[in-house]
Amino acid sequence: MTGRAEFLERVRARLEGVPKTTVEIPSDWAVEVDDPLRRFEAELVAVGGRFHLAREAEVGDVVAEILEPFESPRVVITREPGVPEAVSSSVQGAGGEVLWWPEAGRDGAAAADVGITEALWGAAETGTILLSSAPPSGRAPSLLPRVHVAFLARDRIVPTVADLLDRVAAMETRPSNIVLATGPSKTADIENILVRGVHAPAEVHVVVTQP
Amino acid sequence: MSLDYDYSSDFGERALVSLDQPKMRSAIKGAVEQQAVGRNAGLATLKDAPALREVAARIRDHNLSHLDGHLERLAETWEAAGGSVFFAADAAEARAYVLDVARSVDARTAVKSKSMVTEEIGLNRALSEAGVEPVETDLGQYIVQKAGEPPSHIVAPAIHKSKEDVAELFSTLAGRPLPNDAHELTDYARVLLRRHFLGAELGISGVNFGVADEGTLCLATNEGNGRMCTSMPRAHVAIMGMERVVWDFEQLAVLINLLARSNTGQKITQYTSLLHGPRRAGEPDGPEQSHLVILDNGRSNILGTRFHQALRCIRCGACLNVCPVFRQVGGYAYDPVYSGPIGAVITPLLKGTKEAGDLAHASTLCAACSEVCPVRIPLHDLLLYVRQEFARDGASGAERAAYRAWSHAWATPRRFALFVGAGRLLGWLARGRSLPKLPLPLLGRWTRGRRLPELPRGGGRRT
């Protein structure tokens, strides 16, 4: 085995004579966003996601509407602070079975039709949401069910993806996994024909909550 | 169909195989043209795309000129996040390390997210031989794996297949007829691969960018298979070509903004995962082990040479999509790992110009590749340099003699006029017919399908 020191020494030796360069990244390269909420909605819809805007009292109705096509769905709900309390009773009201995460475990999430989680941040420029694995969030509820419903607070929509990365850089403790998710899973690997829902959720709802 | 390609022959021979496959050619042409159009539309959504590409090129030059320091920092921060790091000088070392990890978790199955670097090191074969079944999970990659073929495009591996081809393949796998419908075929793969995701002990991925100062690996996928491979199995191994390092999130943001736009025109891929070691205390799920393999395998030979800028590459595939040669012959005519203009540059550099320098002739030097490159690699210049090295080290004695004779014939006006006169005579003899296939090793292939142009009197230099 070559080992780290020898590997890096070889690189160093090869770079002798290559001038060390620096780079100034201009602060204004990113696009400007006038109305983050409207832009977020437009971009999310453009990539095949569904947008909902709800005041606290309307959350239950929105969940019921999303679950309407299902007959007695199994729904995994995370115990994250961003998921409103009204959600579980709304699921039950729609004839659904509630599986609490993380207690339900991976098997529970894998068996669920719908996963309901929070999103920490959103980016207007692309309709992207930021999902963190920090406890109690984890990874499976937003990944395994065919439908993902994410709750995002309105004041957490930042203009661009670069802003999302700034928020990650500023996190005090970094989770092992952060996903910037933009609409449903998709592929065009067969004849360049767009198909939604390959491995991750085929249907993505972002419910933006406002006080 | 790839079985007809002989990788001990040269690019020209393999291109002829492609040219005989009209179905594959039209599939490739359609798909890459669509992507090339998407790319232009995608870049137009940036505030100032040309300026941002300049910034991206400077970011990559910064990373490369400090490569030793950036890699050392990445190793430190990844270990601080609880991950393991292995520096692999070559393919054999990288394979051996991955097999060690596989053994440590008693792996029977390894799910893989599409990664060209694992193709480069021949990982699947090594896994199979060690009794670990490698399962490709990117839909296109899964299709070519099941068909027993290498990928034909670094971003869209099954770009050469029609849905009828896929239906036939999947019907055989399923043991029942599946329709010629992209949605139903994708659904079949979802169900099948889901079992593998939940059952595999090992997940293997590439790395789009290693973020040195943040201990973070960035992985961009559209299907979600990257999330699965890095989240569901007990152990995850990420394999990264050593040049794929950036310093911080500020640099990463610029490159993320260019990567997907340059490829399909999307503003960002569906999923951009930021991995930071194995699952932390209290996190409900995620891998217990996270390994990072940093691979040299010939890359350090490129550093500091006139090919240095080739290492800026972020593997977006834009140069493939605009290349008139790639559009005609597809990925298989190239080396099976890296195709298109970037492949024609780096394959000879990684494997040796003597071995693979003929790939540099897979170019018209039109510079469309350089024109679209998000990190401004002067690909057509580099292709010329590869040709020079090939002419020096790889060309046959006959070819060198031919060029010497040519140079002699054109050296004085008198000799040039004689030369052109001879050409006119040949042209008159051939009169509108295709040239015959000459029984000569070099000219034989060149004359196939070519016609002589009619040369003007006086050698085209009348005053």
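Colleague: Which residue stands opposite Asn177(A) in S9(B)?
Modeller: In this predicted model, Asn177(A) stands opposite Leu275(B) of S9(B).

Colleague: Turning to chain A, what does its secondary structure come to?
Modeller: Chain A has 6 helices and 12 strands. Its C-alpha trace spans about 70 × 45 × 45 Å along the principal axes. Of its 211 residues, 51% count as buried.

Colleague: What share of the chain A contacts with a separation of 6 or more comes from residues 24 or more positions apart?
Modeller: Such residues account for 74% of those contacts.

Colleague: What is the strand order in the open sheet of chain A?
Modeller: The order is S1-S12-S7-S4-S2-S3, which makes 6 strands with parallel pairing. Strand S1 (50–55) and strand S3 (97–101) of chain A each have a single partner strand, so one side of each is left without a neighbour in the sheet. On average, neighbouring strands of this sheet are turned by 20 degrees against each other, direction ignored.

Colleague: And how many bridges do S4 and S7 of chain A share?
Modeller: Strand S4, residues 114–118, and strand S7, residues 147–153, of chain A pair in the parallel sense over 5 bridges. Within that pair, Val147(A) in S7(A) is the residue opposite Val114(A).

Colleague: Which residues of helix H3 in chain A are buried?
Modeller: In H3(A), residues 59–67, the buried ones are Val59(A), Gly60(A), Val62(A), Val63(A), Ile66(A) and Leu67(A). They lie on the same side of H3(A), because they cover an arc of only 165 degrees around the axis.

Colleague: What do the buried residues of H3(A) pack against?
Modeller: Their partners in chain A are S1, helix H4 (86–93), S4, S7 and strand S12 (203–210).

Colleague: Which strands are joined to S7(B)?
Modeller: Strand S4 of chain B, residues 202–205, is joined to S7(B) by 4 bridges and runs parallel to that strand. Strand S10 of chain B, residues 289–295, is joined to S7(B) by 7 bridges, also in parallel. As for individual residues, Gly203(B) stands opposite His236(B), and Met240(B) has Ile294(B) of S10(B) as its bridge partner.

Colleague: One last topic: at what angle do helices H2 and H12 of chain B cross?
Modeller: The axes of H2(B), residues 22–43, and H12(B), residues 249–263, cross at roughly 145 degrees and come within 6 Å.

Colleague: Which residues meet there?
Modeller: Gln35(B), Arg39(B), Gly42(B) and Leu43(B) of H2(B) meet Arg261(B), Ser262(B) and Asn263(B) of H12(B). By class, this contact has 1 nonpolar, 4 polar and 2 charged residues.

Definitions and conventions: Residues numbered from 1 in each chain as written. Chains lettered and ligands numbered in written order. Predicted model: local features only at pLDDT ≥ 70, side-chain atom pairs only at ≥ 80, totals over all residues. Pairing = 2+ DSSP bridges. Helix = DSSP H or I, 4+ residues; strand = E, 2+ residues; numbered from the N terminus. Axes fitted to C-alpha atoms, helices over the stretch in contact; angles between N-to-C directions. Contact = placed C-beta atoms within 7 Å. Nonpolar A, V, L, I, M, F, W, Y, C, P; charged D, E, K, R; others polar. Buried ≥ 20, exposed ≤ 12 C-beta atoms within 10 Å, placed from the backbone. Arc of directions from axis to C-beta.
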